[in-house]
Amino acid sequence: QVQLVESGGGLVQPGGSLRLSCATSRSIFSIYAMGWYRQAPGKQRELVATVTSGGSTKYADSVKGRFTISRDNTKNAVYLQMNSLKPEDTADYYCNAAPPLATMRVYWGQGTQVTVSS
């Protein structure tokens with residue numbers, strides 16, 4: 001059974017940094033695009049960043065220049081380095097695995113909370 005296991009959330013002051021991690025099984029990691037989404041209270045879930053199996057990345061405009069997504073193919077893991085955090089970055093962050101074909105399953109992690117507050 002495929003699972004996405006996230007870690008790294010927490011409380012940080014504005015301007016601080018956090019690094020989120022998401023580990024999954026080798027069976028999907030090599031062919032799936034991996035990404036991070038977030039959902040703030042009362043808002044819809046939104047894309048933060050994605051990285052394809054080939055390493056191409058995409059970011060939401062709101063995080064460009066502050067967040068970096070990366071993947072480690074030896075550890076079947078994807079990371080989100082978040083710098084210069086702002087209060088509006090406060091949300092539950094979810095790891096996502098998107099399949100290369102629409103007939104294949106999409107996977108989600110359980111979410112990790114990030115709170116940016118002084």
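Here is a walk through the strands, the disulfide, the core and a few loop residues of this structure. Keep in mind that the model is predicted.

Let's start with the open sheet of four strands, whose order is β1-β3-β8-β7 and whose pairing is antiparallel. At its edges stand β1 (5-7) and β7 (67-72), and each of these has a single partner strand, so one side of each is left without a neighbour in the sheet. From one strand to the next, the twist averages 15°. Inside that order, strand β3 (residues 18-23) runs antiparallel to strand β8 (residues 77-82), and six bridges join the two. If you want a spot to look at, find cysteine 22: its bridge partner in β8 is valine 78.

Now for another set of paired strands. Strand β4 (residues 33-39) pairs with β9 in the antiparallel sense, over seven bridges. Arginine 38 has tyrosine 93 of β9 as its bridge partner. β4 also runs antiparallel to strand β5 (residues 46-51), with five bridges joining them, and here glycine 35 stands opposite threonine 50 of β5. The hairpin of β4 and β5 has six residues between the strands, and within the hairpin glycine 42 takes a positive phi near 80°.

Strand β9 (residues 91-98) and β11 run antiparallel and are joined by three bridges, with tyrosine 93 partnered by threonine 112 in β11.

A search of the whole structure turns up one disulfide, and it joins cysteine 22 to cysteine 95, with the sulfurs 2.1 Å apart. A disulfide is a covalent bond between the sulfur atoms of two cysteines. Why call this one left-handed? The torsion about the S-S bond of cysteine 22 and cysteine 95 is about -80°, so the disulfide is left-handed. Since cysteine 22 lies in strand β3 and cysteine 95 in strand β9, the pair ties together parts that are 73 residues apart in sequence. Both cysteine 22 and cysteine 95 are buried.

Next, the core. The largest nonpolar core has 31 residues, and Met34, Trp36, Leu80, Met82 and Tyr93 are those with the most contacts inside it. β3, α1, β4, β5, β7, β8, β9 and β11 each supply at least two of its residues, and β9 gives the most, with four. Take leucine 80 as an example: setting aside residues up to four places away in sequence, leucine 80 touches Leu18, Arg19, Leu20, Trp36, Val48, Ala49, Phe67, Thr68, Ile69 and Tyr93.

Threonine 24 sits in the loop between β3 and α1 (26-29). Is threonine 24 buried or exposed? Its relative accessible area is 11%, which is under the 20% cut-off, so threonine 24 counts as buried. A polar atom of the threonine 24 side chain lies 3.0 Å from the backbone oxygen of glutamine 3. Neighbours within four places in sequence aside, threonine 24 is in contact with Val2, Gln3, Leu4, Phe29, Met34 and Asn76.

Asparagine 76, one of those contacts, is found in the loop between β7 and β8. Asparagine 76 is not a glycine, yet its phi is positive, at about 55°. With a relative accessibility of 15%, asparagine 76 counts as buried. Serine 84, in the loop between β8 and β9, also has a positive phi without being a glycine, with a value near 50°. At 41% relative accessibility, though, serine 84 counts as partly exposed.

Key:
Residues numbered from 1 in each chain as written. Predicted model: local features only at pLDDT ≥ 70, side-chain atom pairs only at ≥ 80, totals over all residues. Heavy atoms only, no water. Pairing = 2+ DSSP bridges. Axes fitted to C-alpha atoms, helices over the stretch in contact; angles between N-to-C directions. Disulfide = S-S within 2.5 Å. Buried < 20%, exposed > 50% of the residue type's maximum accessible area, 1.4 Å probe, protein only. Polar contact = N/O pair within 3.5 Å; in protein donor to acceptor, adjacent residues only side chain to side chain. Contact = heavy atoms within 4.5 Å. Core = buried A, V, L, I, M, F, W, Y, C linked by side-chain atoms within 4.5 Å.
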